[in-house]
Amino acid sequence: MTSSPQPPEPHGQAHSHAHSHGPAAPVSKHLRKVIAAVLIPFATAVLVGLAVLWPGGAPGHERTGVGFDRQTEQGKVVSLERVDCKDVNAAQVPPTGDTSTPEGREAVNSQQGRCAKATVEVTTGDDKGRTFVEIVQPDAPRQLEEGQGVVVAYAPDAPRDLQYSVTDVDRGFPMALLAGIFALVVVLVGRMRGVMALISLAVSFALLTLFILPAILQGSNPLIVAIVGASAIMLIALYMCHGVTARTSVAVLGTLISLLLIGLLGSLFIGWASLSGNTDDNTGLIHGLYPEIDMSGLLLAGVIIGSLGVLDDVTVTQTSAVWELHQADPDMGPRVLYRSAIRIGRDHIASVVNTLVLAYAGAALPLLLLFSIAQSSVGTVANSELVAEEIVRMLVGSIGLVASVPVTTALAALVVSADRSGPAGPGNANGAAVRTGRGRRRKA
């Protein structure tokens with residue numbers, strides 16, 4: 001049996017069928033106008049919001065010397081020697097002699113053990129070269145080593161011998177090395193897209209540190225700041241990584257709708273559950289320094305920004321799935337396209353939701369362990385504000401994530417099916433109008 005000769009495919013069409021990550025097929029001029037009519041006003045509103053809310057930097061304040069609000073410098077352990085803890089008065093047994101409590105046992109162990117006497121040199125700041133002594137007890141969770149870099153806190157109002165103290169170790173080199181390995185892997189695997197992803201990541205961090213955080217500290221509404229900032233990050237990241245195409249525009253629309261849903265649900269349930277957003281030392285310090293900040297609004301802003309990264313992944317994946325299914329069979333209608341792509345989305349939902357739950361559980365593992373030690377019931381644990389915040393954050397983000405799949409899939413199926421400039425189907429060779437890759441029709 002011989003096969004009849006087939007007309008050659010339009011230039012570039014075979015490539016787009018063979019590679020799922022090739023350039024997206026062009027869409028009609030009419031659809032481009034419709035998408036632009038939606039996205040251009042949205043992008044303009046984001047730019048206006050950035051201009052109106054842009055802060056002039058974080059407002060200054062007098063340092064309290066508590067927690068992270070301390071003046072710090074870099075230091076180095078220049079010498080280390082072992083001494084008896086009782087010789088340096090590192091710990092004292094409780095006056096009652098009661099060693100049944102954890103504090104009493106710890107004091108006894110510290111007094112009977114050998115402490116580390118570290119001489120630390122300040123290596124930055126006005127007091128560069130100055131040394132001080134730090135005593136490290138044997139059961140301290142962080143031990144020092146000679147030659148180790150450390151972070152030292154400076155208390156100018158304290159007596160001279162007590163002005164400096166070690167607060168942490170210097171992790172700059174291992175963190176920078178890990179970041180370099182991450183960047184190298186992304187570029188090696190992702191190539192040009194990996195480079196663009198790293199650039200968009202840098203832009204996202206810049207918007208977070210230069211706009212979102214200072215604007216909230218200056219008293220702007222955290223919810224509005226989060227929406228404007230998240231929208232700007234979304235537009236820059238998606239278009240920079242995936243190109244200015246109709247496919248990317250549909251992913252942007254799907255992400256925007258899902259973010260609005262997350263904002264509405266978060267606002268409703270944070271208010272309904274009476275979540276204050278002030279649950280630990282760090283949020284308490286923020287509220288003490290800047291009492292005008294709406295802490296519950298800050299909690300909602302965190303929910304929106306935290307959900308953005310996962311939403312981008314889901315919406316781009318679903319849009320790409322619809323586009324590739326359409327290119328594989330251009331005769332598929334919107335309903336068939338939706339049903340085929342939603343099956344892919346269900347698999348994605350199952351894995352991503354599980355990832356979210358485990359991520360939040362892992363972050364809150366020490367807290368959950370404390371509740372387990374206290375033998376608290378599940379209801380008691382879930383009712384505490386500290387855990388309730390994480391539950392609301394997780395569930396609201398997951399609802400928006402799950403909703404993004406059918407929303408984005410439906411939008412993509414409607415857009416790609418309404419297009420009239422896609423590749424020709426196999427049944428269009430006999431006298432029908434054959435569509436070329438350039439969006440113009442010709443007679444076969």
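Me: How many bridges join strand 1 to strand 4?
Reply: The model is predicted, with local features needing pLDDT of at least 70, side-chain atom pairs counting only at pLDDT 80 or more, and totals for chains, interfaces and linings using all residues. Residues are numbered from 1 along each chain as its sequence is written, and side-chain values use heavy atoms, leaving out hydrogens and water. Strand 1 (residues 71-84) and strand 4 (residues 149-154) run antiparallel, where strands are DSSP runs of E with at least two residues, helices are runs of H or I with at least four, and both are numbered from the N terminus; pairing requires at least two DSSP bridges. Gln71 stands opposite Tyr154 in strand 4, and the bridges joining the two strands number six.

Me: Is Ser249 buried or exposed?
Reply: Ser249 lies in helix 6 (residues 246-272). Leaving aside residues up to four places away in sequence, Ser249 touches Ile35, Leu39 and Tyr239, a contact being heavy atoms within 4.5 Å. Buried means under 20% relative accessible area, exposed over 50%, and partly exposed in between (1.4 Å probe, protein chains only). Because its relative accessibility is 6%, Ser249 counts as buried.

Me: Why does Leu184 count as exposed?
Reply: Leu184 is found in helix 4 (residues 172-217). Leu184 is exposed because its relative accessible area is 51%.
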